[in-house]
Amino acid sequence: MSFLEIEDVQKSFGATTVVHHFSLSVERGEFVSFLGPSGCGKTTMLRIVAGFETPSAGTVRIDGQDVTRLPPNERRIGMVFQAYALFPNMTVRDNVAFGLRIAGMGREERAARVEEMLRLIGLPHVADRYPYQLSGGQQQRVALARAIAPRPRVLLLDEPLSALDAKIRVSLREEIRELQRSLGITTIFVTHDQEEALSMSDRIVVMSEGRAEQVGTPFEIYNRPRTRFVASFVGTLSLLEGEAAFGDRAIVAGQEVEAEMPGAKPGDRVTLALRPESLSLHPSRERSNALKGTISDVAFLGSVVRVRARFGQGELLIDTFNDPAAPPPQRGEPVTVFFSPADVQCLDAATGA
Ligand code: ATP
């Protein structure tokens with residue numbers, strides 16, 4: 001049995017079901033993200049693990065113990081929220097000590113634990129400050145210290161970075177991950193930011209409309225999306241509609257390309273999904289597919305130039321490296337795009353699978 005087991009959980013508010021048959025096993029020390037758009041149920045699922053919501057059906061187990069009906073304070077979990085939820089009238093030291101005092105830890109041990117936590121988050125010098133005397137990033141680090149100080153069994157993070165500015169977000173990502181790894185603490189992280197999920201997680205649960213669409217490593221989620229939703233929510237993706245022909249061939253915009261289309265029969269409508277970075281304006285041995293089209297837009301992004309090209313009714317985005325020595329691609333120019341059959345994801349046009 002895994003350390004954290006979520007078994008066939010459902011949650012309804014009145015007549016509306018917002019979590020459907022959700023199951024997940026999380027190993028001890030694992031970092032798992034719930035990733036999905038606003039309203040997909042990720043916070044509700046996290047609150048069910050925390051004990052702030054009771055599921056309408058299903059079971060939550062931590063380290064073999066059924067906690068489904070247990071109140072949050074008896075679950076030994078730590079939680080960090082999006083908005084800085086520090087107690088404004090308490091110093092940093094007292095904030096971090098809060099859970100320890102509640103747990104009945106003695107004064108000396110408590111002081112030592114608070115020191116240790118503040119050192120861990122790199123803020124030993126702010127112990128006597130109040131939250132309003134800290135930056136947003138510092139407040140979130142203190143919130144993290146407060147959550148992990150009582151050594152919880154599971155750490156739950158609900159969009160803890162989304163209120164911070166871009167630079168701090170990126171550095172805090174690394175800090176959180178490092179801390180989580182060094183403590184070996186089992187963690188669930190809720191985010192709608194695919195970059196956060198991809199860069200931090202051991203595994204990601206991509207959620208849509210209350211369902212786990214796919215569970216996998218960042219590599220699997222990005223490179224082997226199993227549904228159209230996952231493919232288009234994670235990373236950038238261009239979709240070309242076409243028709244399956246004989247022998248791994250598809251007809252797209254009147255041209256023939258090779259792609260693996262398991263289960264497709266000649267004449268079936270198929271959708272070919274391609275990532276901008278797997279397309280090239282230069283031929284090579286692996287890139288045996290060539291599609292002729294017209295450049296409709298060029299966006300200079302710095303190291304990368306993103307070209308938009310039309311193929312009949314369809315469009316593709318192509319990322320090429322900026323080459324200062326070559327003339328840049330121009331709108332209206334004819335273009336040939338090259339790609340490998342292995343880089344094509346084939347989706348069922350009807351079901352999105
Ligand atoms: P966000 O990123 O916007 O927080 P989310 O993926 O975390 O979204 P949830 O907050 O879990 O989504 O909400 C899922 C659905 O459940 C939403 O449609 C929401 O309106 C609904 N919902 C959540 N809590 C309640 C509640 N207490 N009563 C009724 N409906 C609720």
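Helix H2 (residues 92–102) and helix H3 (residues 107–120) have axes that come within 9 Å and cross at roughly 125 degrees. That angle makes H2 oblique to H3. The model is predicted. The chain is divided into domain 1 (4–232) and domain 2 (236–348). Helix H1 (residues 42–50) gives the most to the shell around the ligand.

**Helices H2 and H3**

- H2 passes H3 in a right-handed crossing.
- On the H2 side, the contact is made by Arg 93, Val 96, Ala 97, Leu 100 and Arg 101.
- These meet Arg 110, Arg 113, Val 114, Met 117 and Leu 118 in H3.
- By class, the residues of this contact divide into 6 nonpolar, no polar and 4 charged.

**Helices H4 and H5**

- The axes of helix H4 (residues 136–148) and helix H5 (residues 166–183) come within 11 Å and cross at roughly 15 degrees.
- Angles under 35 degrees count as roughly parallel, and H4 and H5 are therefore roughly parallel to each other.
- The crossing of H4 and H5 is right-handed.
- H4 contributes Gly 136, Gly 137, Gln 140, Leu 144 and Ile 148 to the contact.
- H5 contributes Ile 168, Leu 172, Ile 176 and Leu 183.
- The contact of H4 with H5 has 6 nonpolar, 3 polar and no charged residues.

**Ligand surroundings**

- The residues around the ligand include a run from Ser 38 through Gly 39, Cys 40, Gly 41, Lys 42 and Thr 43 to Thr 44.
- Phe 13, Val 18, Gly 36 and His 192 are also among the residues around the ligand.
- H1 supplies 3 residues to this shell.
- Sorted by class, the shell around the ligand holds 3 nonpolar, 7 polar and 1 charged residues.

**Domains**

- Domain 1 covers 4–232 and domain 2 covers 236–348.
- The C-alpha centres of domain 1 and domain 2 lie 39 Å apart.
- The contact between them takes 4 residues from domain 1 and 4 residues from domain 2.
- On the side of domain 1 that touches domain 2, there are 2 nonpolar, 1 polar and 1 charged residues.

Notes: Residues are numbered from 1 along each chain as its sequence is written. This is a predicted model: local features need pLDDT of at least 70, side-chain atom pairs count only at pLDDT 80 or more; totals for chains, interfaces and linings use all residues. Axes are lines fitted to C-alpha atoms, for helices over the stretch in contact, and angles run from 0 to 180 degrees between N-to-C directions. Helices (H or I, at least four residues) and strands (E, at least two) are DSSP runs, numbered from the N terminus. Angles under 35 degrees count as roughly parallel, over 145 as roughly antiparallel, 65 to 115 as roughly perpendicular and the rest as oblique. A crossing is left-handed if the near helix is turned anticlockwise from the far one by less than a right angle, and right-handed if clockwise. Two residues are in contact if their C-beta atoms, placed from the backbone, lie within 7 Å. Ala, Val, Leu, Ile, Met, Phe, Trp, Tyr, Cys and Pro count as nonpolar, Asp, Glu, Lys and Arg as charged, and the others, Gly among them, as polar. A residue is near a molecule or strand if its C-beta atom, placed from the backbone, lies within 6 Å of it. Domain bounds come from an automatic or database domain assignment.
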